[in-house]
Amino acid sequence: MRERKSKTNYLLPVAFVLILILALAWGIRYMRTALMKLTIDERSYQLEEMVTQIRENLNSGLQTHWNLVSGLNNAVHGIHFESDGDVRDNIVHLENDFCTALYGCRVMLLDEQGTAYLSDGPAGIWYDVSHLIDGEKRHTFVSETDSIDGSFLVFSQELDAPITMGQNQLRFNHILLLKDIQTVKQYYTTTTYGGSAATYIIKSNGTLAYFDADEDDVIGARNVYKALREAEYVQGQSFDLVREDLDADGIAVANILLDGSEYYYCLTSLSDYDMALMLLIPADAVAVSTMSMMDSTVRMLTIFMSALVLLLLLAAISFVSVQRIIQKVKIEQETNRELNRLRLEAESANSAKSTFLNNMSHDIRTPMNAIIGFTNIALKQEPRPEIRSCLEKISDSSEHLLTLINDVLDLSRIESGKIQLTPAPVDITEVVDTVVNVTHGFLSNRNLSFRYNLETPQARYVLADAVRIREVLVNILGNAVKFTNDGGTIDFDVSYRPGADGGHMFACYRIADTGVGMSGDFVEHIFDEFSQEENSARTQYKGSGLGMAITKRYVDLMGGTIRVESEKGRGSTFIVEIPMEITDESRVQKREHGAGSYEQLSGVKVLLAEDNELNAEIATIQLEELGMHITRAADGREAVRAFAENPPGTFDVILMDIMMPEMNGYEATAAIRSLPERPDAAQIPIIAMTANAFAEDVQASLDAGMNGHLSKPIVIDEVAKTIARNINI
């Protein structure tokens, strides 16, 4: 009985202490929850009130810019320009007349081909044109265009009456106002929180468009929404709940922990401008009165909490450890999901880029073939001197445009890894001789002294990509000719030195000129894309600013080095060193010297498969001038029928376009090769003549059973040589 009483006496105090501890714990938790809710409510209310006012100020300020756009639209109503120079001058007048600089804005016109025109001239293809194709007349969005440095808020208006330019009546359909995103600051600047508020302008996809604060960005992420989603939230909040409030009310508030510090942020959507505004403020700068009250209460509760600390310490440690493990698992899972998503996006983007490059190459080369072809045909008609001068200028401009197109496509393909080196046994001295001959062609009608010193190596035969080496040297020498005034000098020195072992060597090329030279600052950027030291260089010397970037990429691919020494007004010196593997002379394929005279092609019967009327007309005229007989098929199916329905010997060769309706060139070739009871179907030469000009297109033609590949715009000499070679003349 006594033992039972002793236990009862022992258990009652213990039970009382446990009940008291539980009551205190519940009371502290209840009070803390109530105080935290009060703090959050007060902070949230303050933030929402302030951000709502900022949003109204921002909307009001930005609406002024639409009034400006309307005025610009009326000012250019139905104007016709003679040249892009007139377009540039008109933009300058518009910016002066409407005082766009006061608003931190620039005016841009966009033609129907997607080319952007600014006050300093055409700025190339504007890749944000995708925002304008949904049928709406007005658009507003944040842009980080490659055409202009900086980030901009774009106000786009479809013109009521399109602008036209030149004899071809090139149409301009949109006028745009580009507002520097930094100038938006005047509408949201606030001193309410003593300058501790950080402002973020965020694109609809979560990407940071602009950050403004006195301190560094504590979020520190390119995609703000992603960073907010991964942040630790207070009081059971989450980014998903924030997005729900944002979508429902246009504004949402939450508090998070970043690097151990508590912050409040308020998001408000600016749906009319395809962006959102966010204020991020340290928690100790918000609701100061509530924080003071909470601190006093916490001090009073500290005495009671001390008794619970020892009891709860182990549980807290266990809880924190479990939470950390759970958080790490969540972060790892989220990271893996994000990496998988990014991988899929990268694969999709790479595929889309390849498709775009192929389509762009084909679609541009097809009309270029017509322009160059008909210009050459017209030049052969002995036109009047003034007409000949115009035609020659068209021909020069067409060739220049084709060079620019090739530069852009080549650089994109280098960056995507599409271009691979193809080392082959070559006589390295013949490569240099070819470069010298090409340079002599550059010097026609120029008063320049071209001096060259070509060392003969002990080992002339090497494994090298001759095409890429020629392109590198011709590019540098072409620039030397271009940027050296008449009366100047260009030196080309070639030497060789031993490599790492007896089976390798280095080819050393030194190209020096007495041209305009470059400043020290620009030399550091000479190999950047679209780099030209002066704005006038693009028009004075012609070029895209991609030549040296491509040159550097090719030298890097070949494992070589390129150095530049230059001084403004004193000329430039380029030094290129490329490693090469030595090989035997027996492995070098000797060059063919000619493929017969054009007279030998007289009477050759050609089946021409070409769906484009202009390209068919050009090819027919040029081939008939060489004495050949042409039968044209309008598509692949018609080409197969023409071959099948005529007896053997009707045709000596087939020129096959690739992209045709009904049946493409690959399918038509396969169909001809497989024709039953036609032994000549397997032997007749089939040559691709197409705007598909990449290396993989050449290989695809050969894989389809064709005997050769000719790229548009066609060069009739190459066409004649290829035909002669394949019919064994």
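Predicted model: local features only at pLDDT ≥ 70, side-chain atom pairs only at ≥ 80, totals over all residues.
Strands of a sheet pair through backbone hydrogen bonds, in either a parallel or an antiparallel arrangement. In the model, an open sheet is built from six strands in the order β9-β8-β13-β12-β11-β10, and the pairing is antiparallel. Its edges are formed by β9 (208-212) and β10 (232-233), each of which pairs on one side only. Within this sheet order, β11 is listed beside β12. Strand β11 covers residues 251-258 and strand β12 residues 261-270, and eight bridges join the two in the antiparallel sense. Leu258 is placed opposite Ser261 of β12.

Strand β16 (residues 461-464) was examined for its side chains and its partners. Tyr461 and Leu463 point one way from the strand, while Val462 and Ala464 point the other way. All four of these residues are buried. Strand β14 (residues 424-427) runs antiparallel to β16 and is joined to it by four bridges. Here Val426 stands opposite Val462. Strand β20 (residues 571-582) is also antiparallel to β16, with two bridges between them. In β20, Glu581 is the bridge partner of Leu463.

The cysteines were considered next. A disulfide is a covalent bond that links the sulfur atoms of two cysteines. A search of the whole structure gives zero disulfides. Cys266 has a relative accessibility of 0% and therefore counts as buried. Cys508 has a relative accessible area of 10%, so this residue is buried.

Aromatic rings form seven pairs in the model. In one of them, the ring centres of Trp126 and Phe141 are 6.1 Å apart and the planes lie at 35 degrees, so the pair is tilted. Trp126 belongs to the loop between β4 (121-125) and β5 (138-143), whereas Phe141 belongs to strand β5, so the pair ties together parts that are 15 residues apart in sequence. Trp126 and Phe141 are both buried. Phe450 and Tyr452 also form a tilted aromatic pair, with 5.2 Å from centre to centre and 45 degrees between the planes. Phe450 counts as buried because its relative accessibility is 12%. Tyr452 has a relative accessible area of 40% and is therefore partly exposed.

Arginine residues also lie over aromatic rings. Arg497 is placed over the face of Phe506, at 4.1 Å from the ring centre. Arg678 lies over the face of Phe643, and in this case the distance from the ring centre is 4.4 Å.

Technical notes. Residues numbered from 1 in each chain as written. Heavy atoms only, no water. Buried < 20%, exposed > 50% of the residue type's maximum accessible area, 1.4 Å probe, protein only. Pairing = 2+ DSSP bridges. Disulfide = S-S within 2.5 Å. Phe/Tyr/Trp six-rings, centres within 6.5 Å; stacked < 30°, edge-to-face > 60°. Lys NZ or Arg CZ within 6 Å of the ring centre and 35° of its normal.
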